[in-house]
Amino acid sequence: MSNIDPIKIIRQLLFGKTSVTVQEVETAVDTFMKMNLPIPETREMLIRKVEELFTIRQDEFRSIEKADENLPWLNDKRAKIDFVNGFWGSYRQYLEEEKNFAPDVVNKLDRLTDSILDNLFDPTEKVKINKKGLVVGQVQSGKTANYTGLICKAADAGFGLIIVMAGIHNNLRSQTQIRIDESFLGFDTQHTRAFNQQSIKIGVGKPGFGKINVAHSLTSSLEKGDFTQGAANALGLNFDTKEPIIAVIKKNPHVLRRIYQWLAAQADEDTELSRVIRNKALLLIDDEADNASINISNDPERQSSINGWITQILNLFGKNAYVGYTATPFANIFIPLDDQNLFPRNFIKNIPAPSNYIGPEKVFGFSPLEEDEASNTVLPIVNRINDYSGFVPDRHKKDDQLPSSLPESLKKAIRCFIITCAIRRLRGQTTVHNSMLIHVSRFMRWQDHIAELVSNQFIYYRRGIDQNDAVILDELKSTFEKDENGYKSYVSVSQQILDSELKSLDTQIQVHKWSEVLLHLNDAASRIEVKSIHGGSGEALDYFDHKNGLSVIAVGGNKLSRGLTLEGLSISYYLRASRMYDTLMQMGRWFGYRGGYVDLCRLFTSRELNEWFCHITQASEELREEFDYMSDIAGSTPEQYALKVRTHPGVLQISATNKMRSAITVQISWAGRLVESYEFKKDISTINNNLRNTEKFI
C-alpha cells in the first residue's frame, strides 16, 4: 500500500503553472516515472489525471450588492496586508499541493474571497459598523473551503475574532473544526488549543506551507469540544491579543448563551449600547444559514432563541460582520428586511460549481426519465425501486413493528458497495475513503435495527467472498454484468457514460472485466464496517483517524442529512421523504465530487422522490438564473432578489411555514417575462387547433 501522492509531485515538477501543454504534462510524468516510486498508476493513468486537473474550470461568481453601503477599501490597503506570507498564502499552497485543487478553482476562490472581504470593512479602522451578506453555493460543492479562505484573509486583514456556526449537531461541528484545524490553525485541537511548540502539526502547520502563523482556538475537534467558559478560561488567553481567535460552535441556544456571556465579560461599559467590544472586529460565519438561524417566532415583538442570541453576539461588537453560507437560500431570501434580523442586506454572492461537480442536474435532470430512456446530460446512476413498502412504510411510526428482512433492492445496494470498493482498488485508489449511505427513517430504534439487518447481510456476503462461495460470487457477478428490472449493470453504466457528453467528467471511467474485479473483492470487503450514526449510538464517522481510508456503511437519519460530508460516498439508499425543497435538497449527500469513480456511484430511491428532486432542481436553477439576470442590472439590491420561487403543484413546500411568513403565493402567466416555454401539449386535437389559430392570425 502506497501513501505517495504522484499528482502532488508532478504538480511540483510543473513549477506551479496554472495552464500547461500536453507536452509539458508528458515530460513531467516521465520525470516522475524515472523516480521508480511504488505506485499503482500507469504512465497513461497519470497523464489523464494531470490533464483532467488542468481542464477543470469554474465560471466567475455573480454578485448583487447594495452599492451605497459597500465602499471599496481592500485595494487601498492591500499593500499593507501580507496575504502571501499570511494565513491565506499558506492555505492557497495547501489547496494546490495537498488537496489537489484545480488551478482555475483556486484562482476563482481568491477573487471571490477578495470580493467578500471588500464588501465588509477595514477591521483596523476605528468606526462603528455592521455588515450582513450571503454566499450561495450548491450542496456539497465546497462551501467550507470557500469560507475557510475568507477566514484566512479576514485574519490577515485584522479581524480579531472569528466565530463559525457549524450546524446543529456535534458531528458536523467536529468535522468543521477538523477542517479549520487543517486549513487555518495548523495544529490538532484535540490535543492542544493554545498554540505552542508541542502541538501536533497538521495541514498548513506542516513544514513547507509558508511561515508559521499564530492563531488560537476556543474550541476543539473532540465530539464534545464545543465552547465552554471553563475551557476558554483555562487557555489563559489574553482576549486583547493581536493574534486572531477562532471558535467553531453549534447553533444551539445554550452554546450561544455561554459564548455571549463570556464575550460580554470582555466588553467595556458604553452609555449608548450598554456593553461593547471596540478593540476587536468580529466575523461571524453562519454555515447552513437557512437552518435554525432564521427568526421563526410567531410574535413580531420577539425573536426565536437562536436568532436572538446570534443578533446579541453581533451587537456586542462595534465592528461586526455576518456572512451566511447556504446551498438552499429559499428561506433566507424571504426574511423581512430588519436590522435586528439576518437578511443579507449588503450583498449576495452566487458561486457556480466547478465543471467536475456532480450536482442535481447531472443526477436527476429537470424531468424524470423513463427506464428505457438514455440521456447525454444525466448520469445513469439512479435506480427507482418499489419493493420497500413492507420494509419501511411511508408513514411508519417509532413503535411500529420492525421489519424482519431486507428488500432485494437493499441487498443489491450492499453488493454494489462491495463491487464499487473493489473497482476503486483496481483503479489504484487503495488509501481512499468509501462510504455507503442508508437513510430511510428518522427514528433511532429503526436505524439500529436496520443497521443490524444490514450488518448480517453484509457478513453473509463477506464470508462468501472469503470462502469463494460460488452462489454468492455469482450474485455479485450478476450485479456487475446484468441489466434487469430497470437496474443497469456496472458494465452498462460505464459504457453509457463513455458514449455520452458526460465522459469528460472523469478521465478514469473504463469498462472492466469481472475477472479483474474479482481479484480485489476480498481486500475490499474485509475493510468494510457497518455503523449506526445517531445521537445515542456512540458511533462516529472518524475519517480523520483513518489515514489509509475508512470504508463504512452508515445507517442514519438527521445526523447524516445536512452539512456533514460523507467522504467517498458512492452508494446511497434513500427513502426519507421531506415535503420541503430545502430539507429534501440538503439530504442529497450524494452530490459533490467523485473523481475516479463517478461511474461507480448508485442512488436507490423511489419514483416519487425522483420526481420531487427533478422539480426542486428546476426551481433551484430558475432561482440562479434570476440571480444572474439581476446581477447584470445596474443598481440591483439584495432585497429586490426576493422575487419568486416556483411552487410545486402537489405536496411540496418551498420551506417551513414559520420561515416564510413574509412570502405570498401568486399566479404568474408566461406573459411579461422572458422565459422559454419548456413543455407543450402533445395531443393531436390541441396541435391542430393551435395550427388553425396560428394560420388565422397570420
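Modeller: Helices (H or I, at least four residues) and strands (E, at least two) are DSSP runs, numbered from the N terminus. This is a predicted model, in which local features need pLDDT of at least 70, side-chain atom pairs count only at pLDDT 80 or more, and totals for chains, interfaces and linings use all residues. Residues are numbered from 1 along each chain as its sequence is written, and side-chain values use heavy atoms, with hydrogens and water left out.

Biologist: What residue classes make up the contact of helix 7 with helix 8?

Modeller: Contact means heavy atoms within 4.5 Å, and the residues involved include Tyr147 and Ile151 of helix 7 and Ile180 and Phe184 of helix 8. Ala, Val, Leu, Ile, Met, Phe, Trp, Tyr, Cys and Pro count as nonpolar, Asp, Glu, Lys and Arg as charged, and the others, Gly among them, as polar. The contact of helix 7 with helix 8 has six nonpolar, four polar and one charged residues.

Biologist: Is helix 1 roughly parallel or roughly perpendicular to helix 3?

Modeller: Helix 1 (residues 6-13) and helix 3 (residues 43-55) pack at about 65°, with axes 11 Å apart. Angles under 35 degrees count as roughly parallel, over 145 as roughly antiparallel, 65 to 115 as roughly perpendicular and the rest as oblique. Helix 1 is therefore, relative to helix 3, roughly perpendicular.

Biologist: Which residues of helix 3 make the contact with helix 1?

Modeller: The crossing of these two helices, helix 1 and helix 3, is right-handed. From helix 1 come Pro6, Ile7, Ile10 and Arg11, and they meet, in helix 3, Leu46, Lys49, Val50 and Leu53.

Biologist: In what order do the six strands of the open sheet run?

Modeller: Two strands pair if DSSP finds at least two bridges between them. The edge strands, strand 11 (382-385) and strand 13 (528-533), each pair on one side only. The pairing is parallel, and the order is 11-17-15-12-14-13.

Biologist: How many bridges join strand 12 to strand 15?

Modeller: Strand 15 also pairs with strand 17 (residues 602-606), in the parallel sense over three bridges, with Ile571 opposite Arg602. Strand 12 and strand 15 run parallel, and the number of bridges joining them is five.

Biologist: How many residues of strand 15 are buried?

Modeller: Buried means under 20% relative accessible area, exposed over 50%, partly exposed in between (1.4 Å probe, protein chains only). Over the 698 residues of the protein chain, 55% count as buried. Strand 15 (residues 569-574) is mostly covered, and its buried residues number six of six.

Biologist: What is the bridge partner of Asn383 in strand 17?

Modeller: Strand 11 and strand 17 run parallel and are joined by four bridges. Within that pairing, the partner of Asn383 is Phe604.

Conventions
Axes fitted to C-alpha atoms, helices over the stretch in contact; angles between N-to-C directions. Left-handed = near helix turned anticlockwise from the far one by under 90°.
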